[in-house]
Amino acid sequence: MQHTGIRALTGLASVAVIAAIVAVAVGLFQGSFTESVPVTVLASRAGLVMNTDAKVKMRGVQVGKVDSIEARPNGQAVLHLAMYPSEMHLIPANVLVDLTSPTVFGAKFVDLVAPAEPSAQSLHAGQVLDSQHVTVEINTVFKQLTAVLGKLDPAKLNETLGAVSQALSGRGEKLGQAFSDLDSFLAKFNPSIPALSRDIALSVPVFRAYGDASPDLVRTVNNSVKISQSIVDEQHNLDAFLVSAIGLADVGNDVLGTNRKGLTDVLRLLAPTTDLLNEYAPALTCTLGGLAQIQKSPPLPEPSINIAASLTWGGERYRYPQNLPKVAATGGPRCMSMPKLPFNTKAKLLVADTGANPVGYGNPQLLLNFDGLKQLLYGPIDGPPRNPAQVGQQG
């Protein structure tokens, strides 16, 4: 009896050990003893072939698994991932998520794709990621195709296929030529695909700008509609305006046509004057600038008139023939530091080429014996100067 009990206990212990080994092996295979970090993925749908315990990979290396899948009433799927803690620091926080499969009929897995500009922060526990793309399964395609075929009427489908067959009958050569021409066109178009891709990429900012400006563009179109409607409503007044404008144009044409020669002569005669004004435009600008400076001068404390008077020496009188006015004198415009003069200065005297120079060479200015003094003392004196031989000199 004792040996029989020992044998029973030994067998029971062996079975328990074998069951424990199997349980540990299954747990190790399922990753039950592996520490994990929870991460959530939101997707438009999980797909028909996405199961729990599906792998989570990044660059082909498994970094976790799908712990559970939750379906929401709006059709959205929530995937709860169990990530390996040892791999979390290698995954950026802004990682992209794709639900894809290696083959058309294969089971899906979660593929983590590194973004173009990875963030400095790593993926952390409890973070929620949005799925960018979910691969369409072949059974989904078959399901949609079955739904489409279920809506078709076999008689109408047969009639349609018969019409297509009749339309294509006897046109094989033309279809072949069309495919040949299409192949030639694609062969010519193929080198332009990189440029087309670049143009499409560059068109994105343009379309974004149009998208941002679309409210203003729509508002402009609405305003143009209102303007057009206003023109339609006021078409009678517009017609009257155009008729009046035509009549005014006819009158103006008559006036200008009749006086064409006179207007031409006026413009021709004004040309020298306008040329002269154009030449002396800088001097006129200085004059107007000086008047503006005078206008800015402070007013007098009381209404009055200021008179500056002084006694000056008499200048030499004009002599013949050296002081005759010069025809076509030159000199051009001179501003002489005007309109703003420096402090404690005065404008320079401009001696123009006109034939009259009050400060000519050899002119002493201060004259004691001149005709003006004699006229002042003795009155008008008839006859030539006292020294006729010195014409042009002092009398």
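1. Asp216 has a relative accessibility of 42%, so Asp216 counts as partly exposed (buried means under 20% relative accessible area, exposed over 50%, partly exposed in between, with a 1.4 Å probe and protein chains only). Do keep in mind that this is a predicted model, in which local features need pLDDT of at least 70 and side-chain atom pairs count only at pLDDT 80 or more, while totals for chains, interfaces and linings use all residues. Residues are numbered from 1 along each chain as its sequence is written, and side-chain values use heavy atoms, with hydrogens and water left out.

2. The partner of Asp216 is Arg219: the two form a salt bridge with their closest N and O atoms 2.6 Å apart (a side-chain nitrogen of Lys or Arg within 4 Å of a carboxyl oxygen of Asp or Glu). Both belong to helix α5 (residues 193-233), where they are 3 residues apart, so about one helical turn separates them. Arg219 is partly exposed too, at 45% relative accessibility.

3. How many salt bridges does the count come to? The count is 3. In helix α7 (residues 260-279), Lys261 and Asp265 are 4 residues apart, so they too are separated by about one helical turn, and their closest N and O atoms lie 3.2 Å apart in a salt bridge. Asp265 also meets Arg268 in a salt bridge, at 3.5 Å from N to O. Shared partners join Lys261, Asp265 and Arg268 into one network.

4. Asp265 is partly exposed at 24%.

5. Asp111 deserves a careful look. Asp111 is buried yet has no salt bridge, and the nearest side chain of opposite charge, Lys57, is 8.3 Å away (Lys and Arg count as positive, Asp and Glu as negative; His and the chain ends are not counted). Asp111 lies in strand β6 (residues 109-113), a strand with 4 of its 5 residues buried. Helices (H or I, at least four residues) and strands (E, at least two) are DSSP runs, numbered from the N terminus.

6. What surrounds Asp111? Leaving out residues up to four places away in sequence, Asp111 touches Lys57, Met58, Leu96, Val97, Asp98 and Thr100 (contact means heavy atoms within 4.5 Å). β6 pairs with β2 in the parallel sense over 3 bridges, and with strand β5 (residues 96-100) in the antiparallel sense over 5 bridges; pairing requires that DSSP finds at least two bridges between two strands.

7. Where does the charged end of Lys57 sit? Over the ring of Phe109, 5.2 Å from its centre (NZ of Lys or CZ of Arg within 6 Å of the ring centre and within 35 degrees of the ring normal).

8. Please also check Arg59, in the loop between β2 (55-58) and β3 (61-71). Its phi is near 60°, a positive value in a residue other than glycine. Arg59 counts as exposed, at 66% relative accessibility.

9. For the overall picture, the chain has 9 helices and 7 strands. Of its 395 residues, 15% count as buried. Among contacts between residues at least 6 apart in sequence, 64% join residues at least 24 apart.
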